[in-house]
Amino acid sequence: MKKIALIGSGNAFFKDEGVGLYAGKYLKENYTFTPEVEIVDGGTLGFKLMPLLQEFDEVVIVNTASDDTKKVGEISIKTTDEFLDGSLVKKTANEVEIAEMLQICSLSENMAETTVISIVPEDIIAVEVGLTQSMHNAWQEYIDVILQTLQKMGVSMKKKETTVTLEEILSIFENPSIEHQRGF
């Protein structure tokens, strides 16, 4: 059976840059997946994510992509090959590290089939946990694109009976504590 991971990547302390983390946590709290999808808090781990690209058969990375040529909230899906063609805009340390990590791993014989689903952020400068209205407006589409990508990989999903809202997810990241199980 294929081993699949979804990595939520970003920095929750810089407004919209945390959207990949929130998406991972949202999916983990609200869905069950068959076959199982391991949902990982990738944070800003960058190169420390490399073992995951060698441990799993398929990996989906969800994050932001700072690209002034695209509209805020625009979603892109790139395979490793497309990601490595050099056209990727890399503005944050996290975006640079993911691109470099994929380049290094692509030299390895044992690398997961990797898909990167990115959304163009509005504000990655403000030191604040939360999302701009633009990200709130694009949220459901972003989640739907991630779910559709997993479906194309042969994953089926079921919504849990008790669900957690985006606002509740943001609150968990805003108020980190052991009792709230901050992050993942």
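Helix 1 has twelve residues and spans 16 Å from its first C-alpha to its last, close to the 16 Å expected at 1.5 Å a residue; the expected span is 1.5 Å times one less than the number of residues. Helices (H or I, at least four residues) and strands (E, at least two) are DSSP runs, numbered from the N terminus. This is a predicted model, in which local features need pLDDT of at least 70 and side-chain atom pairs count only at pLDDT 80 or more, while totals for chains, interfaces and linings use all residues. Residues are numbered from 1 along each chain as its sequence is written, and side-chain values use heavy atoms, with hydrogens and water left out.

Helix 1 is mostly covered, with ten of its twelve residues buried. Buried means under 20% relative accessible area, exposed over 50%, and partly exposed in between, with a 1.4 Å probe and protein chains only. The buried set is V19, G20, L21, Y22, A23, G24, K25, Y26, L27 and N30. K25, a helix 1 residue, counts as buried because its relative accessible area is 3%. The C-alpha atom of K25 is separated by 9.3 Å from that of L166, 141 residues apart along the chain.

| Residue | Relative accessible area |
|---|---|
| Y22 | 0% |
| F173 | 1% |
| K25 | 3% |
| T132 | 9% |
| K15 | 11% |

Now to the nonpolar packing. A nonpolar core is a set of buried Ala, Val, Leu, Ile, Met, Phe, Trp, Tyr and Cys residues joined through side-chain atoms within 4.5 Å. The largest such core holds 36 residues, of which Y22 and L150 touch the most other members. At least two residues of this core come from each of strand 1 (4-9), helix 1 (19-30), strand 2 (31-34), strand 3 (37-43), strand 4 (58-64), strand 6, helix 5 and helix 6 (166-174). Helix 5 gives the largest share, nine residues. Another core lies apart from it, with 17 residues, among them I7, L52, L102 and M111. Leaving aside neighbours within four places in sequence, L150 is in contact (heavy atoms within 4.5 Å) with I4, L6, F33, V37, V60, V155 and M157.

Next come the rings. Rings of Phe, Tyr and Trp (its six-membered ring) pair if their centres lie within 6.5 Å; planes under 30 degrees apart count as stacked, over 60 as edge-to-face and the rest as tilted. By this rule there are three aromatic pairs. One of them joins Y22 and F173 edge-to-face, at 5.1 Å centre to centre and 70° between the planes. This pair links distant parts of the chain, Y22 in helix 1 and F173 in helix 6, 151 residues apart. Elsewhere, the charged end of K3 sits over the ring of F56, 5.0 Å from its centre; this requires NZ of Lys or CZ of Arg within 6 Å of the ring centre and within 35 degrees of the ring normal.

The loops have some backbone details worth a look. Most residues other than glycine have a negative phi, and most peptide bonds are trans. K15, in the loop between strand 1 and helix 1, has a positive phi of about 45° although it is not a glycine. A cis peptide bond joins T34 and P35, with omega about -5°, and P35 lies in the loop between strand 2 and strand 3. T132 belongs to the loop between strand 6 (113-119) and helix 5 (133-152). Not counting residues up to four places away in sequence, T132 touches K15, D16, E122 and D123.
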